[in-house]
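Subject: Structure handover

Hello,

Here is the structure you will be taking over. Please open it first, then read the notes below it.

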Amino acid sequence: MKLIFEKSKPGRRGSSLPKPSVPVVDRIPAHLRRNQPAELPELSEQEVIRHFINLSRKNMGVDTNFYPLGSCTMKYNPKFHERLAALPGFAELHPLLPQLRHGGQLTQGALAVVYEAQSILAELLGFAECTMQPLAGAHGELTGAMLIAAYHRSRGDAKRKIMLIPDAAHGTNPASAAVAGFRCEVVRSDADGNVDLEDLRAKLNDEVAGLMLTCPNTLGLFDPNVKTICELVHAAGALAYCDGANFNAIIGRLRPGDLGFDVMHVNLHKTFATPHGGGGPGSGPVGVAEKLVPFLPVSRVAKRADGTYSLEYTFPESIGYIAPFYGNFGVILKAYAYMLTLGREGFRRVSAHAVLNANYVRARLAGAYRQKYDRPCMHECVFSASGQAEKGVHALDIAKGLIDRGFHPPTMYFPLIVPEALMIEPTETESKETLDAFVDAMLELAELAETHPEKLHQAPVTTPVGRLDETAAARKPRLSEPVAEK
Ligand SMILES: *Cc1c(COP(=O)(O)O)cnc(C)c1O
């Protein structure tokens, strides 16, 4: 496939405007103007359209293929919610429109959406209040870590500088805690994939500010000791943070606030209907227990006694601004529409199907791939290709083989505590036929690993580009075409 620059023909145009009949006034100062025209490709409109349409058709996405990318719920999201978010009354709102005075009716609808969404979310999570401001899961973690810091600071408890993080955690947890000024210490997992309570007890002391626990965890397991863990953390004077990226496993059934957590983020773009990938947009609202409410970021959306909505700023203990304006409004709006579409019973079906689908895949693949923790899973199941690796076939080879069979690979080599990990999250939106086709492909690959391991080292062979040097692509990226000498 040629680059668009290689297709360029000098003088070719996508559109041509008539010569102006009035004098041209260029207000850009001479020293800021280009000396030479920008070296843009020159093509007709049709050539541009074909170029990009053909490029898009080489893409794998949730609209074209099954996408079992664990942890990041790459589920199918109804297009209806995209259409609602595109309604001009929402999409074209300017963030600086007045809230109430001088025609504030223009923003009342948007404020109502944020307020209602945060209220429903607080109920689902079991917390006193939510902020919808954070722009991603990791940003929610940072906000939560800052709230924990503000809480200890407000009590004059200055020596709590440590954040405890289990070894199964997503990499964003230690990164967020570090950005918030904490020193991270690792808590080990035990032989069943739960938090090792002895290790936790040993690491809790009066310098610990909090524990960040993913629930259910990144192994797709529900830690039966969650309540005890929160109690131990509280007894040491620290706070319990819940990473809620896997919330679709328990939504409508269990409220993390009821388990004893003090603060939690969810990823609207994972659990609440925004396709993600390609870097955004996301939204990572944070729910908090009563004791953290005073520290929530500004602005906060409030409902007045007369039924109108306002943005409120005067909270002296607030951690301040963490996002411009009010978060990723389009994502919040889609999540709100999704909440209303599903309702209480709908959410219970989401978690039921997410868990059922993952356990179905787990049961069907159990004979072919090893499991480090052999127990029923939540919304995702983690296998190890360590058996295949003995034949020279690694998790990477299995993943590439899946691409040839029309499937996006699952997450590989994560969580770090499972060697040759393949983390499969089917999501609640896939049919049995799709899951069976995927499982059949996985079984065929396991068979190939036994009989013809060398065949898997070439995969993928059906894609426009085959196997790449991924290290070089990350470490020595070539980001532009060499410019031809004139
Ligand atoms: C995705 C994920 C995050 C980070 O969320 P982003 O929205 O990608 O920043 C954190 N923890 C877990 C367990 C996740 O799956």
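One definition before the findings: a crossing is left-handed if the near helix is turned anticlockwise from the far one by less than a right angle, and right-handed if clockwise. Helices (H or I, at least four residues) and strands (E, at least two) are DSSP runs, numbered from the N terminus.

This is a predicted model, in which local features need pLDDT of at least 70 and side-chain atom pairs count only at pLDDT 80 or more, while totals for chains, interfaces and linings use all residues. Residues are numbered from 1 along each chain as its sequence is written, and side-chain values use heavy atoms, with hydrogens and water left out.

Helix packing

Two packed helices are described by the angle between their axes and the distance between the axes. Axes are lines fitted to C-alpha atoms, for helices over the stretch in contact, and angles run from 0 to 180 degrees between N-to-C directions.

Take α13 (residues 395–404) and α14 (residues 432–451) to begin with. Their axes lie 10 Å apart, at an angle of about 130°. The two helices are therefore oblique to each other (under 35 degrees is roughly parallel, over 145 roughly antiparallel, 65 to 115 roughly perpendicular, and the rest oblique). The crossing of α13 past α14 is right-handed. On the α13 side, I398, G401 and L402 make the contact; on the α14 side, F438, A441, M442 and L445 do. Contact means heavy atoms within 4.5 Å. By class, this contact has 6 nonpolar residues, 1 polar and no charged ones. Ala, Val, Leu, Ile, Met, Phe, Trp, Tyr, Cys and Pro count as nonpolar; Asp, Glu, Lys and Arg as charged; the others, Gly among them, as polar.

Now α5 (residues 137–154) and α6 (residues 172–179). They pack at about 45°, with axes 8 Å apart. That angle makes α5 oblique to α6. α5 passes α6 in a right-handed crossing. From α5 come A138, E141, L142 and A145; from α6 come T172, N173, S176, A177 and V179. These residues divide into 5 nonpolar, 3 polar and 1 charged.

N173 of that contact also touches T214, as do D243 and N246, when residues up to four places away in sequence are not counted. T214 sits in strand β4 (residues 208–214). T214 is buried, at 9% relative accessible area (buried means under 20%, exposed over 50%, partly exposed in between, with a 1.4 Å probe and protein chains only).

Aromatic rings

The whole structure holds 8 aromatic pairs. One of them joins F90 and F329: tilted, 5.9 Å centre to centre, with 50° between the planes. F90 lies in α3 (residues 88–91) and F329 in α11 (residues 329–365), so the pair ties together parts 239 residues apart in sequence. F90 is partly exposed, at 22% relative accessible area. Rings of Phe, Tyr and Trp (its six-membered ring) pair if their centres lie within 6.5 Å; planes under 30 degrees apart count as stacked, over 60 as edge-to-face and the rest as tilted. Ring pairs also link F66, F407 and F438 into a cluster. F438 is the α14 residue named above in the contact with α13.

Backbone points to check

Most residues other than glycine have a negative phi, and most peptide bonds are trans. Where does this model depart from that?

- The bond from C215 to P216 is cis, with omega near -10°. P216 is in the loop between β4 and α8 (226–235).
- The bond from V298 to S299 is cis, with omega near -5°. S299 is in the loop between β7 (286–288) and β8 (300–303).
- E420 has a positive phi, near 50°. E420 lies in the loop between β11 (411–412) and β12 (421–424), and is buried at 16%.
- T427 has a positive phi of about 70°. T427 lies in the loop between β12 and α14, and is buried at 1%.

Around E312

E312 lies in strand β9 (residues 309–312). E312 is partly exposed, at 26%. Leaving aside neighbours within four places in sequence, E312 is in contact with V298, S299, R300, A302 and R304. V298 and S299 are the two residues of the cis bond listed above. E312 and R300 are 12 residues apart in sequence and 5.1 Å apart in space, C-alpha to C-alpha.

Best wishes
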